Amino acid sequence: MAVKQVQIIGGGLAGCEAALFLANCGFPVTLYDMKPDQYTDVHTQESLAELVCSNSFRSDSLANAVGLLKAEMRLMGSAVMDAADWTRIPAGSALAVDRVKFSQFLTERILGHPDIQFISKEVTEFEPDESGIYTILAPGPLATIGLTTFLRKLTGESYLKFYDAIAPIISRDSIDEKKTFMASRYDKGGADYLNCPMDQETYMAFYRQLIDAETVILHGFEKGGKLFEGCLPVEEIARRGLDALRFGPLKPVGLRHPETGDVFHGVVQLRAEDREGQYFNLVGFQTHLKQGEQRKVFRMIPGLENAKFERYGSMHRNTFINSPELLNADFSMKKFPSLFVVGQISGVEGYLESAASGLIAAVSIVMREKGIENRAFPETTMLSGLSRYISTPKANFQPSNAIFAMVPAPETRIRGGRRVRREFLSNRALTALKIFIDKNPVLVN
Ligand SMILES: Cc1cc2nc3c(=O)[nH]c(=O)nc-3n(C[C@H](O)[C@H](O)[C@H](O)COP(=O)(O)OP(=O)(O)OC[C@H]3O[C@@H](n4cnc5c(N)ncnc54)[C@H](O)[C@@H]3O)c2cc1C
């Protein structure tokens, strides 16, 4: 059987990861990037796999979800992790790199690889289901207008978004549930929401802190960007007037305390993030507030005084597709199975997560071509968690970093606190991944 060709559009973190994995497995790869002739608003280096902002890949600890993702990627022979480990600089428990050396390391690997042809070109269209060829689309969150226009035609008008709006996620064991109650508005459906009620005095104090809190500095290309009325930052809603929040994310109507029958001045609703209900997101709390300010202000909400943030809220200029509608778990399109969409544009968030999605797509192509039926990563792994996240239907799909809410809860109660519990989840994942790799020697490149 002839080895299929793979074309990859975008030589960022996801594209480079996929290109090197596939080429190392013997697949002929053509990688397109518009650099060095053309740049997005944030890319400045000539080399590929550019880190556009921070030079940190965040925590390297197994008590952290992205630490687990790193460990899994290292086991899978990730080129991005290899480059990061070679160009690492001291940064405590974080994995930070020399950004120029990191990017050069991967660029040299790409340009020097006998099975990779690099073409410098802006791609604005392609054949989505050309026979004998796989396409991996990895143009990043600032993909060019020419390409996004084409993607919009391919996926449908409503499937492409240009701003993300991420609400914070809090671990349930840090919520004081004596101060909250479970209910749905007007008792519709089950008692699915965890509600944090506020009296007028608490509401006023919260409102004042929220409008005075410090926000992050926006990048030049994000300033003046039009925000959708339906997903304004929570602090922006508050600035519109004293009661604006009470008609928005703190709307109290239809929410009575199930035991006392009390009604409230404002109610913050939290919705479960995972099947087991270990993590909850603050509904409608997308925000530009700095992380320290989020801790300070959101801990004023009754029941959240000791809240532990699994993920902070944020808002970015970010092009991404409605993946749960469009993609399979291996990041291939439901409509065009030989077309994969990876990286930040697929709805994962972060350098490592972007690279991981490229790896997942590359692994799927290798396994498909080797005729392996059971291609899914073990469900306890973070790689599987990311796959599930982008392919499971959600009411309002928003990009996400790797978080422990993406993997199944422990089968039994783990004592010893949050760190011990997380390390248990990591060790469980790594054991399962080692077995998966042993069973699939084609993946060792
Ligand atoms: C301003 C900003 C700051 C960020 N900061 C961080 C951070 O600090 N930490 C973090 O973890 N994540 C950060 N992210 C999020 C995300 O992790 C990065 O954007 C990450 O680089 C995404 O990887 P990617 O491979 O999807 O895309 P990219 O790394 O952006 O790569 C995409 C590549 O595609 C090329 N390209 C685009 N359009 C075309 C086209 N039509 N034809 C050919 N080539 C094309 C580009 O030149 C680029 O090289 C940030 C994002 C932005 C926008």
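## Around the ligand

A residue counts as near a molecule or strand here if its C-beta atom, placed from the backbone, lies within 6 Å of it. There are 35 residues around the ligand, and G10, G12, C53, G140 and G343 come nearest. This is a predicted model, so to speak: local features need pLDDT of at least 70, side-chain atom pairs count only at pLDDT 80 or more, and totals for chains, interfaces and linings use all residues. Numbering runs from 1 along each chain as its sequence is written.

Which elements each supply at least two residues of the shell around the ligand? They are α1 (13–24), β2 (29–33), α5 (145–155) and α10 (351–369), with α1 giving the largest share, three residues. Helices (H or I, at least four residues) and strands (E, at least two) are DSSP runs, numbered from the N terminus. By class, the shell has 17 nonpolar, 15 polar and three charged residues. Nonpolar covers Ala, Val, Leu, Ile, Met, Phe, Trp, Tyr, Cys and Pro; charged covers Asp, Glu, Lys and Arg; the others, Gly among them, are polar.

## The chain as a whole

The chain has 12 helices and 16 strands. Its C-alpha atoms fill a box of roughly 70 × 50 × 45 Å along the principal axes. Buried residues make up 46% of the 445 residues, where buried means that 20 or more other C-beta atoms, placed from the backbone, lie within 10 Å of the residue's own.

As for domains, an automatic or database assignment sets the bounds: domain 1 takes 5–164 + 316–443, and domain 2 takes 169–312. Their centres, taken over C-alpha atoms, are 31 Å apart.

## Helix α2

Helix α2 (residues 65–75) is mostly covered, with nine of its 11 residues buried. Those nine are A65, V66, G67, L68, L69, K70, A71, E72 and M73. They pack against β3 (56–59), α3 (79–86), β5 (94–97), α10, α11 (382–391) and α12 (418–439), going by contacts, meaning C-beta atoms placed from the backbone and within 7 Å. After α2 comes G77, with a positive phi near 75°.

## A three-stranded sheet

Two of those names, β3 and β5, turn up again in an open, antiparallel sheet of three strands, ordered β3-β5-β4. Its edge strands are β3 and β4 (88–89), each pairing on one side only. Strands pair if DSSP finds at least two bridges between them, and β4 and β5 do so over two bridges in the antiparallel sense. Where does I89 find its bridge partner in β5? At A96.

Notes
A residue is buried if 20 or more other C-beta atoms lie within 10 Å of its own, exposed if 12 or fewer, and partly exposed in between; C-beta atoms are placed from the backbone. Two residues are in contact if their C-beta atoms, placed from the backbone, lie within 7 Å.
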